[in-house]
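I opened this notebook to keep track of what I looked up, one entry at a time. The entries below follow the order in which I went through the chains and the places where they meet.

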Amino acid sequence: MNTVFSEEQRDCLQELINVAMGLASDKLARFLNTFVHLQVPAIELVNSTQIPAQFEAQYSSAEAAFVSQGFLGNGGVRGEAIVLYQLDNAHRISALLGYDTDSASELEMLTDISSILTTTFLNGLAEQIDNQLSYSAPRVLSSRQNNVTQALIDTACHWELALKVDISYQLIDHSFNCDMLLLIPGEAVLNIQQILDRIVEEY
Amino acid sequence: MSNDWLTGPILEQLNSGVLVVDEDFQLVYLNSFLQRHSSVQLTEVKGKSLFQVFADVPEAWLRRKFASVLELQSPSFSSWEQRQYVIKLPHLRPVTSSSQYMAQNCTMLPLHDPTGRRYVCMLIEDATDAFVYQQHLQTTLQKLEQSNRVDGLTQVLNRRYWEEQLKLEVQRAQRYRQPLSLLLFDLDKFKQLNDQYGHLGGDSVLIELTARVRALLRDTDWFGRYGGEEFGIVLTNTALAGAVEVAERICLAVSSKAVTFHEHSIQSSISVGVAQLDTTGDRAHEVLIGQADMALYNAKKEGRNRVISYSAGETAFMVKTV
Amino acid sequence: MALPVLICDDSLLARKQVRKSLPESFDADILTASNGLEALTILRSQEIGLVFLDLTMPELDGIGVLEAIKQDGLDCFVIVISADIQPEMQKRVTELGALAFIHKPVNPEKLIVILKHYGLI
């Protein structure tokens, strides 16, 4: 599956994602009033059928959550962003976001955190390719009562290709780790390749 | 806000709420949908604080949401599944609908005016239909779960669910080293009774006797229908002597009073086998059933309408007859 | 005389972006490196007047390069170009001797202002 992107396209996408991460981290740091340590996100293109196996080991415990949010831009850029994380991580960041358990349920907190991470990151990506994205409301596809792997299998089967972006947010006195997956349908991959080619040509 | 011929009228006729506030949460715009549902006029509330006009909104929560929209310049969402509504509004469903207020899906979006001033726009979609369906679904699922556990005729537990409970109680008794006893009883001469009064007659005896038995049990006991006219009772935290006492009370409650069916008065009785858990291992519940069944067999053999408890010596007999 | 310039970034696209952002009037002899170690090898073997330095790179990151430049007393101007744009990071690289900090994606006008400010064009 890695062959669908040329080395130049891959390099270009990695750079766009790095910059998007930087923009997102800066916004988050200002919003949370803390320093966010930026790590270079590793990107990997995977056949969507391989996803469940990749995440099974890491998220097989019952204390993991999985939130999905659709995105849609101009020029046929569309897909589904999935954020996966361990619940104890979520509790750590929720305190920073000013949540207390009285005013918001755990599910509400999960969707908020995921939405913030997803939209700030993808907005940074869209900005660089002169695009604008709209988003569907985030949905918790699995939390403590449901099986993460099964939910991933059900979701992944709708997509041909997945762009796996390992994102690790480390906050100055808290660490927060999560994985983000961008699931992209076949024809949108072609559209994204065209955009990458245009950028590579420009320089 | 709505000064062109296309977007203006659409915004005003939209079947969703549109609300815009500035950075200080002062109301800038409400579309007709929101004005009508909340009975406020834009001209009267423009420039006033959102929290003053809609006093019921969860202020701390909404401030945090709007702050993230403004700071991060990205949308924020609220779903009826997690928070039924943000602004209390009546809905237009018939009064039979169980929810009093409109269930809402809200989207909060960042906006700018030409001078660069920042605003938050909140779109409010009516999700009452989904909310009502969800409630129906939950009620139905609860009923379904209930009917999956209960025997339709007698309303005691059905065999599958009862056996599951027996298994769990046996494990619990083993873990906490507490006594546990099992009663198995059978309505005497049920076939004869059916032949004489018809199946409806037989059914009404079963209904009446289960009601009498249930009245004698504790909340912690598990009463289930094991077969056609055979029933089982799991007595938690009860040793053999106590179980025999309960069995005798049950036996008497059935035989002491006839069941009235139409103009008939039907006299009936039961035979009861009692056994106390004394084995360990995974199959202990099956052994226990075997022992109680054995005692029940002896109660039948010795003339019915009586209680017989299982004693260890009978194992040899059981092995021999198998 | 052309100024020897080193562009150090692990991304080919990023290196091209920097090169393209330089004004035509800027007479430079451009070398490239795709990680910190490569950059140090070049810096130690020849005179480089100006370095455009990325921060997040494999092998040796930009902070490591800045520390080595300071330690070795290498004589060159460093302009950091990074996706990590938080104020704390800007402060840190300035303390390590970087002239300026530009965030990605590179804005050519901003780059020109900086080059003019330091008399490089």
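**Entry: salt bridges.** Before counting anything, I wrote down that a salt bridge is a side-chain nitrogen of Lys or Arg within 4 Å of a carboxyl oxygen of Asp or Glu. I also noted that I am working with a predicted model. With that rule, I found that the structure holds 24 salt bridges over all chains. One of the pairs I looked up has C:K104 in the loop between β5 (100–103) and α5 (108–117) of chain C and A:E15 in helix α1 (residues 7–32) of chain A, so this pair joins two chains. The N to O distance between the side chains of C:K104 and A:E15 is 2.7 Å, and both of these residues are buried. I then saw that A:E15 and C:K104 belong to a network of salt bridges that also takes in C:D9 and C:D54.

**Entry: two pairs in chain B.** I looked next at B:E169 and B:R172, whose side chains meet in a salt bridge at 3.3 Å, N to O. Both residues lie in helix α7 (residues 159–176) of chain B, three residues apart, which is about one turn of the helix. I reminded myself that an α-helix has 3.6 residues a turn, so residues three or four places apart point the same way.

**Entry: chain A by itself.** I counted six helices and eight strands in chain A, and from the N terminus on I wrote their order as α-β-β-α-β-β-α-α-β-β-α-β-β-α. Chain A has 203 residues, and 60% of them are buried. When I took the contacts in chain A between residues at least 6 apart in sequence, I found that 73% of them join residues at least 24 apart.

**Entry: where chain C meets chain A.** I found 19 residues of chain C in contact with 21 residues of chain A. The area buried between these two chains is about 1800 Å², and carbon and sulfur atoms give 63% of it. C:L13, C:K16 and C:Q86 supply 32% of the area that chain C buries against chain A, which is more than any other three residues. I counted two salt bridges between chain C and chain A, and six residue pairs in polar contact across their interface. On the side of chain C that touches chain A, the elements that give two or more residues are α1 (12–21) and α4 (87–95) of chain C, and α1(C) gives the most, with six residues. By class, I sorted this side of chain C into eight nonpolar, four polar and seven charged residues.

**Entry: where chain B meets chain A.** Here 16 residues of chain B are in contact with 25 residues of chain A, and the two chains bury about 1500 Å² between them, 52% of it on carbon and sulfur atoms.

**Entry: one helix of chain C.** Last, I looked at helix α2 (residues 36–45) of chain C, where C:G36, C:A39, C:L40, C:I42 and C:L43 are buried. These residues are on the same side of α2(C) because they cover an arc of only 165 degrees around the axis. On the other side of α2(C), I found C:T41, C:R44 and C:S45 exposed.

Methods:
Residues are numbered from 1 along each chain as its sequence is written. Chains are lettered from A and ligands numbered from 1 in the order in which they are written. This is a predicted model: local features need pLDDT of at least 70, side-chain atom pairs count only at pLDDT 80 or more; totals for chains, interfaces and linings use all residues. Side-chain values use heavy atoms; hydrogens and water are left out. Buried means under 20% relative accessible area, exposed over 50%, partly exposed in between (1.4 Å probe, protein chains only). Helices (H or I, at least four residues) and strands (E, at least two) are DSSP runs, numbered from the N terminus. The arc is that of the directions from the helix axis to the C-beta atoms. Contact means heavy atoms within 4.5 Å. Buried area is the accessible area (1.4 Å probe) that two parts lose on being put together, summed over both. A polar contact is a pair of N or O atoms within 3.5 Å; within protein, one must be able to donate a hydrogen and the other to accept it, and residues adjacent in sequence count only if both atoms are side-chain atoms. Ala, Val, Leu, Ile, Met, Phe, Trp, Tyr, Cys and Pro count as nonpolar, Asp, Glu, Lys and Arg as charged, and the others, Gly among them, as polar.
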